[in-house]
Each structure stands twice: as C-alpha cells, then as structure tokens.
Amino acid sequence: MNIKVLYFARIKEAVNYSTEEITLPNDIVTIMALKSYLAQRGEVWANLFNGKQLIRAAINHELVADVAELKAGDEVAFFPPVTGG
Amino acid sequence: MTVRVQKEDFDMAAELTTMRLSEKSVGAVVSFVGQVRDMNDGDLINTLTLEHYPGMTEKTLQAIENEAKARWSIINSLIVHRVGTLKPQDQVVLVVVSSAHRRDAFSACEFIMDFLKTQAPFWKKEATSKGERWLEAKLSDDAAHARWKQ
C-alpha cells in the first residue's frame, strides 16, 4: 500500500527532506514495523528509528502509539516530543 | 472557542476586550501570555524559531479547548500561537478564557497551557551565542500535564 510520510523538526533536518510517498511491503502494517523498515535505510535512519530516540508518531493528525495500524492513503508523521508554548 | 496559528504578532489588550464584551454573562476573564526569554540554559538567545504541523496543530488545539469546556463551566476561549522566527521579548502564545466566575476560568486557562505544552505539535529551535539547537521536551511539562488526569 501507499502512504504519505512527513518529518518535522530535527528529524526533518537529519533526513534532509520533509515529505515522501512510500510504497510499503505487505508485511509493514504498524507504526512499529514502519520504524524498523525506515531504520534499514542507512546510518542516519538507523540512529533515528532504532528505538533509542523518543520519536512520536501521528496518523492523519492523531497522535498514536507504536502498535497503531496503517492503511492505504494514510498520512503518517514522525516528530520529536513537542516543545511549544 | 477560537484557535489561531499565525506569524503575526497579536494585540493582547484588544483580544481581552473582545472576550470580555462577547457575552453579557461573562464575569471573569483570565489570560496567559508567553514571551521569548533573553537567556536559556545560561546562553544568550538571538532568535527563537517555531515550526509546527499545519492541520494537526489546529485540530489538537481545538480538542484541548473542547476538553476544557467539558471539564469547566467556561463561556469562551481563545488560543493564539505564533510560528516563524521571534526575538527575545516577542510574544509567543496567548490563552484567554472567559467564565461567569473566576475559578473556572483560572483552572481552564492553566489546563489549556499544560496540554498545549505537551500535546500540540510545535517545535522550538533557538539560535544562541553558541550556535543553533532544538529545545528538548521537559519532564516538568509532562508532570504538569499528568496532574490533570483523573
């Protein structure tokens, strides 16, 4: 399935872009699996998504846990803990 | 119940007056303003840049206002949050809450700020005398958010 993935703040700076369309393999159906999948892209990605850094995820503008399931057409976002106010 | 995310500055006095006069049942208006400090962690701040997630930010802030309205007897609320590059003493955020009696407005205003700090997708990057750095989330903000859980 195809999903849209957005990156924000220091994650965006580390991967060097803010948006991409990804065609996922059939076995990638949760946020947790997507993180592991992204972590295989190389050192920068591994450092971000290997689970050692606290990274929040949202699906279609809702904050979700790592067990949340993905469906085709979702807008997924990865970002650090928020620091507004 | 209004939410605005904007680059432009805001006029706190005008917003307070609008909120105060919006309904004849208003007996109390409570506000919070956050502004950029001149120093953080011992370093001088040149600029503070705020990034956000358009769409999710507005939805999150509206959900926080709705939750405040469900918990307290409030008449109206306003959240204005700025994005882009700011300087020390620039205004960052405004929360205004009106109610018939003060206690509801005080509590709701504090609740909205505690939730905004930990839930709304904003990120701050400061340019200091030692270079640029992203701010880290604070445990004290998580604790302030957690105390509202029932």
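Two strands pair if DSSP finds at least two bridges between them. Helices (H or I, at least four residues) and strands (E, at least two) are themselves DSSP runs, numbered from the N terminus.

The model is predicted, so local features need pLDDT of at least 70 and side-chain atom pairs count only at pLDDT 80 or more, while totals for chains, interfaces and linings use all residues. Residues are numbered from 1 along each chain as its sequence is written, and chains are lettered from A and ligands numbered from 1 in the order in which they are written.

Chain B has four helices and nine strands, in the order β-α-β-β-β-α-β-β-β-α-β-β-α from the N terminus on. Its C-alpha trace spans about 50 × 35 × 30 Å along the principal axes. Of the 150 residues in chain B, 34% are buried (20 or more other C-beta atoms, placed from the backbone, within 10 Å of a residue's own).

| Partner of strand 4 in chain B | Bridges |
|---|---|
| Strand 3 (residues 39-40) | Two bridges |
| Strand 8 (residues 122-128) | Seven bridges |
| Strand 6 (residues 84-86) | Three bridges |

B:Thr49 has a bridge partner in strand 8, B:Lys125, and another in strand 6, B:Thr85. Strands 3 and 4 of chain B form a hairpin with two residues between them; in the turn, B:Asp41 has a positive phi of about 50 degrees.

Note on methods
A residue is buried if 20 or more other C-beta atoms lie within 10 Å of its own, exposed if 12 or fewer, and partly exposed in between; C-beta atoms are placed from the backbone.
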